[in-house]
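Q: I would like to learn how to read the features of a model like this one. Please take them one at a time.

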Amino acid sequence: MSRILLADHSPNAQRLGERILRDEGAEVVTVTDGDSLMLRLTDVEPDLIIAEVSLPKRDGYQICRYVRADPRFAATRVVLTAGALDEMDADRAKRMGADATLHKPFEASALLDTVRPLLEYARKVRASAVPVSRPDVDVERIRAAVTLALDAAMPAMINELTGKVIEALKD
């Protein structure tokens, strides 16, 4: 069963999207703002996120950028939505890594035509992923070593960057 995280501040859009997607056999979790979506990401582990571009707290563009930057969600597809009268910045959506965009109100066939191939892609990626188990690796020790290395290198990096900025400003 596909898992979809649907984020929309409109209860009507939520109900309509949820009904269409559940009738298709998907498990749908709905939230009303971007912060709630971010909190639910790890426990839902969605195959697909449908996020409104004008969500309160964190908008759909910010969510998309976050999901694309986090390797845990490499298989997760993202669809950005906007109301019929809301502006959708298609270029920004593409730059943030959105897989598709849709306008509301959701029309069942358009929604399903958009999400079906994305869900299929997510399913294939998840099925082909081989979990890497390394019991001999202590993640916290590695994190501590990286932190120490960065702390030691930071003063030199700051001095070098400061010098470059000062040189650039002289021109």
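Predicted model: local features only at pLDDT ≥ 70, side-chain atom pairs only at ≥ 80, totals over all residues.

A: Residues are numbered from 1 along each chain as its sequence is written, and side-chain values use heavy atoms, with hydrogens and water left out.

Q: In what order do the strands of the open sheet lie?

A: Helices (H or I, at least four residues) and strands (E, at least two) are DSSP runs, numbered from the N terminus. Two strands pair if DSSP finds at least two bridges between them. Here 5 strands form an open sheet, ordered β2-β1-β3-β4-β5, with parallel pairing. β2 (27-31) and β5 are the edge strands, each pairing on one side only. On average, neighbouring strands of this sheet are turned by 20° against each other, direction ignored. Between β3 and β4 the parallel pairing runs over 5 bridges, and E52 stands opposite T81 in β4.

Q: Which strands does α3 touch?

A: Contact means heavy atoms within 4.5 Å. Axes are lines fitted to C-alpha atoms, for helices over the stretch in contact, and angles run from 0 to 180 degrees between N-to-C directions. α3 packs on the sheet and touches β3 and β4, its direction making about 175° with that of β4.

Q: What span should helix α5 have?

A: The expected span of a helix is 1.5 Å times one less than its number of residues. Helix α5 (residues 108-128) has 21 residues and should span 30 Å; its end C-alpha atoms are 30 Å apart, which agrees.

Q: Which residues of α5 are buried?

A: An α-helix has 3.6 residues a turn, so residues three or four places apart point the same way. Buried means under 20% relative accessible area, exposed over 50%, and partly exposed in between (1.4 Å probe, protein chains only). In α5 the buried residues are L111, L112, T114, V115, L118, L119 and A122. Their cover includes β1 (3-7), α1 (11-23), β3 (48-52), β4 (77-82) and β5 (100-103).

Q: Is the peptide bond from K104 to P105 cis or trans?

A: That bond is cis, with omega near 5°. P105 lies in the loop between β5 and α5.

Q: What is phi of E45, and what is phi of K57?

A: E45 is not a glycine, yet its phi is positive, about 45°. E45 sits in the loop between α2 (34-44) and β3, and counts as partly exposed because its relative accessibility is 46%. K57, also a residue other than glycine, has a positive phi near 75°. K57 is in the loop between β3 and α3 (60-69); at 62% relative accessibility, K57 counts as exposed.
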